[in-house]
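Subject: Handover of a structure

Dear colleague,

Please find the structure below, with its sequence.

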Amino acid sequence: MTFPTSQLLYIFKNNLYENLKFSLKLQLSERNAILKFQNEKFIKLLHHAKKNVPYYSEILNGINDINDLAEIPFLTKHIVKERNNDLKATNIPLKHFVENSTSGSTGESMHFFSYKPDDYSEACAIRGDMLTGWKYGEKKVIVWGASRDLDLHEGFKQRLIKKYIHKFELLSSFNLSIKDIGNYINQIKIFEPSIIIGYPTALFLIAEYIIDNDLSVNIPKGVISAGETLYDFQRTTIEKAFHQKVFNRYGCRDVFQIASECSAHNGLHVSADHLIVEIINDSGKVALPGEMGEIVVTDLDNYAFPMIRYKIGDIGVLKDPEFECGCGVKLPMLEKVEGRTMDVVVGTNGNRVSGNFWTLFFRHEFEGIEKFQVFQEDINIINLFFEVNAAYNSNSESKIKKEIRLLLGDEIDVNISVVDEIIKTETGKHRWIISNVSPYAR
Ligand SMILES: [Zn+2]
């Protein structure tokens, strides 16, 4: 592994070099070695949490290793809010706490703390991006929305560090107008990144612009979709525009990188050396491989504010543990990440419909719907918001209502509003579906 000299200082100072070297080697080791390392980290975290974190000293009695994991109560966002102080480790110096928060998809925010000396999760994030063939030190463009990450008010020095040490250029995904997209494409061409990372809704708009204007943008290593659920129609259009494969990356502000798609495009490799991922079905039990359920994570590197069996708010499916990925990486895999737990719409007839159905329904069966949002206000009220173009015909509304009632129940009230712009979340994400009655969002 070689690094450009401009980055050596940064990676050595932050202990990143050792972690990255170790984690790159570990992902190619036998599965048993990876799980052994995971269990050792878990036991170390357990001891620490029992001894130094008031909330966990109450609930971790009798828990000794990863085999007892299923006996630990889930950590919900509600508990994080209620017991915030009790979740802080009493033995960690204040300077190692980094205040952090999630915006919450429905506007409610959750405060928590990251652990400053944790370089391992950063190494895992870099390793995940390297699955595209990108090497640390090669340039990347990031199209991102969270203002915290964009730091628009940062000084000249920080901008230089980003550009010349970390070798990335940040572009805001807020209010992507046609003019912005044209400018962005010029900036991308000048910067010549090896990869592009961005919200799929933003990458999709850029991709459509490239196709519509018959442009050619060369991104040699691929495009990483991150931050939002990636839908099939987005993947297809982005791949067509860039003549490159899309790599899905799953992570969040709370626990950083979780899993990344590899060059075999068979699913996403979980950073099992940074966290434990479980899938929990409707009955609260560990789901079988292939069975959909709620994603629950244990962050093995956050010693300041340990999160054990944390209900992250997404649903997904684990891949069969026997599956051996063609790329050679032995980290366990997620088959897919299906979206937010609040993305599941429930009918009065008991039918459940998640993200990919709605994108197919609106994008392929009806003309002119550019963007939509399905908001299930209550079990029998569904409000639809559309951003439309000239091809849209309001006559199709009665057909939309009829088909939704057929699928979800006759009693359902379907209201359709055509709007100029569907409101984005605080971090600039587009929410396609919000359900107040999702069975997973408890
Ligand atoms: Zn793979």
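E192 is exposed, with a relative accessible area of 57%; exposed means over 50% relative accessible area, buried under 20%, and partly exposed in between, with a 1.4 Å probe and protein chains only. Please note that this is a predicted model, in which local features need pLDDT of at least 70 and side-chain atom pairs count only at pLDDT 80 or more, while totals for chains, interfaces and linings use all residues. Residues are numbered from 1 along each chain as its sequence is written, and side-chain values use heavy atoms, with hydrogens and water left out.

The backbone of E192 has a positive phi of about 50 degrees, although E192 is not a glycine. This residue is found in the loop between helix 9 and strand 5 (195-198); helices (H or I, at least four residues) and strands (E, at least two) are DSSP runs, numbered from the N terminus. D214, also not a glycine, has a positive phi near 55 degrees. D214 lies in the loop between helix 10 and strand 6 (222-225) and is exposed, with a relative accessible area of 70%.

Helix 9 (178-191) and helix 10 (200-212) also contribute to the second largest pocket, each supplying at least two residues of its lining, as do helix 12 (355-365), strand 16 (369-378) and strand 17 (381-388). A pocket is an open set of points on a 1 Å grid over the protein atoms alone, where a 1.4 Å probe fits, with protein on both sides within 12 Å along at least five of seven lines; lining residues have an atom within 4 Å of a point. The space in this second largest pocket is about 750 Å³. It is lined by 35 residues, of which L205, E208, E370, K371 and E387 are the closest to its centre. Helix 10 gives the largest share of the lining, 7 residues. The second largest pocket lies between domain 1 (5-341) and domain 2 (344-435), because both give residues to its lining; the domain bounds come from an automatic or database domain assignment.

The structure also holds a zinc ion, coordinated by C262 (SG), H269 (NE2), C325 (SG) and C327 (SG) at 2.1 to 2.3 Å. Donors are N, O and S atoms within 2.8 Å of the metal (3.2 Å for Na, K and Ca). Along the chain, the donors of the zinc ion follow the spacing C-x6-H-x55-C-x1-C. Both C262 and H269 are buried.

Kind regards

Terms used
Points joined across faces, edges and corners; volume = space filled by probe spheres on them.
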